[in-house]
Amino acid sequence: MKVLYFEQKVQEICDCGLKLIGLDKLTFRPMRRHDDRVNTKRGFVIGRTNLKTGLITIDIFTPKFRKPKAIASILRTLAHEAAHHQKLPYRSRFRGHLINRCHYPIFYRQVTRNINKFKKDKELEIYF
């Protein structure tokens, strides 16, 4: 019962956050895990986004013990994933190779702007 309530609460908060930064067309969904634990030795995914469909998926539980994460942590991850839609990746040449630039300084400035918007909002400032 508590898990369902937490998922609904996070869904409402993240939808509010996406409206705040002007990305109404994107949809948020909590990440579903097939098993209860994640092998943290092999790495794990905190969140992912699909640039084509506009779906943002974030893991809302801690990886090892599967306890609910703090709302501030989820909102910071949402700001990061939303920035992928605001500052799109591009290809560039570096020492004769083509590389995809997904995370670069302009991108991280956009993440910081999104987090600052969350902190200034009256509804979301209580979570920071």
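In the predicted model, Arg66 is placed in the loop that runs between E3 and H2. The phi angle of Arg66 is near 60°, a positive value in a residue other than glycine. Arg66 has a relative accessible area of 18% and is therefore classed as buried, the cut-off being under 20%. A positive phi, of about 50°, also occurs at Arg95, which is not a glycine either. Arg95 belongs to the loop between strand E4 (90-94) and strand E5 (97-101). With a relative accessible area of 74%, Arg95 is exposed.

The chain contains 3 helices and 5 strands, arranged along the sequence in the pattern α-β-β-β-α-β-β-α. Along the principal axes, the C-alpha atoms occupy a box of roughly 55 × 40 × 25 Å. Of the 128 residues in the chain, 38% are buried. Among contacts with a separation of 6 or more, 61% join residues 24 or more positions apart.

Three of the strands form an open sheet with the order E1-E3-E2 and mixed pairing. Strand E1 (27-30) and strand E2 (47-50) are the edge strands; each has a single partner strand, so one side of each lacks a neighbour in the sheet. From one strand to the next, the twist averages 20°. The pairing of E1 with E3 is parallel and extends over 4 bridges. Arg29 has Thr57 of E3 as its bridge partner. Helix H2 packs on this sheet and touches E1, E2 and E3, its direction making about 150° with that of E3.

Beyond its neighbours within four places in sequence, Phe28 is in contact with Val10, Gln11, Cys14, Asp15, Leu18, Ile56, Ile58, Ile60 and Leu78. Thr57, the bridge partner of Arg29, lies in strand E3 and counts as buried at 11% relative accessibility. When residues up to four places away in sequence are not counted, Thr57 touches Arg29, Pro30 and Met31, and also Ile46, Gly47 and Arg48.

In soluble globular proteins, nonpolar side chains tend to be buried together. The largest nonpolar core in the present model comprises 26 residues, and Val10, Leu18, Phe28 and Leu78 have the most contacts inside it. At least two residues of this core come from each of helix H1 (2-20), strand E3 (55-58), helix H2 (71-86) and helix H3 (105-120). The greatest contribution is that of H2, with 7 residues. Two of the residues with the most contacts inside the core, Val10 and Leu18, are also contacts of Phe28.

Helix H2 has 16 residues and reaches 22 Å from its first C-alpha to its last, close to the 22 Å expected at 1.5 Å a residue. Because 13 of its 16 residues are buried, H2 is largely enclosed by the rest of the structure.

Buried residues in H3 are Phe107, Gln110, Val111, Asn114, Ile115 and Phe118. These residues cover an arc of only 135° around the axis, and therefore lie on the same side of H3. Pro105 and Lys120, on the other side of H3, are exposed.

Leu124 is located in the segment after H3. Its relative accessible area is 1%, so Leu124 is buried. Apart from neighbours within four places in sequence, the contacts of Leu124 are Ile13, Gly17, Leu20, Leu75 and Phe118. Of these, Phe118 is one of the buried residues of H3. Leu124 and Cys16 are 108 residues apart in sequence, and their C-alpha atoms are 8.5 Å apart in space.

Note on methods. Residues numbered from 1 in each chain as written. Predicted model: local features only at pLDDT ≥ 70, side-chain atom pairs only at ≥ 80, totals over all residues. Heavy atoms only, no water. Core = buried A, V, L, I, M, F, W, Y, C linked by side-chain atoms within 4.5 Å. Buried < 20%, exposed > 50% of the residue type's maximum accessible area, 1.4 Å probe, protein only. Contact = heavy atoms within 4.5 Å. Pairing = 2+ DSSP bridges. Axes fitted to C-alpha atoms, helices over the stretch in contact; angles between N-to-C directions. Expected span 1.5 Å × (residues − 1). Arc of directions from axis to C-beta.
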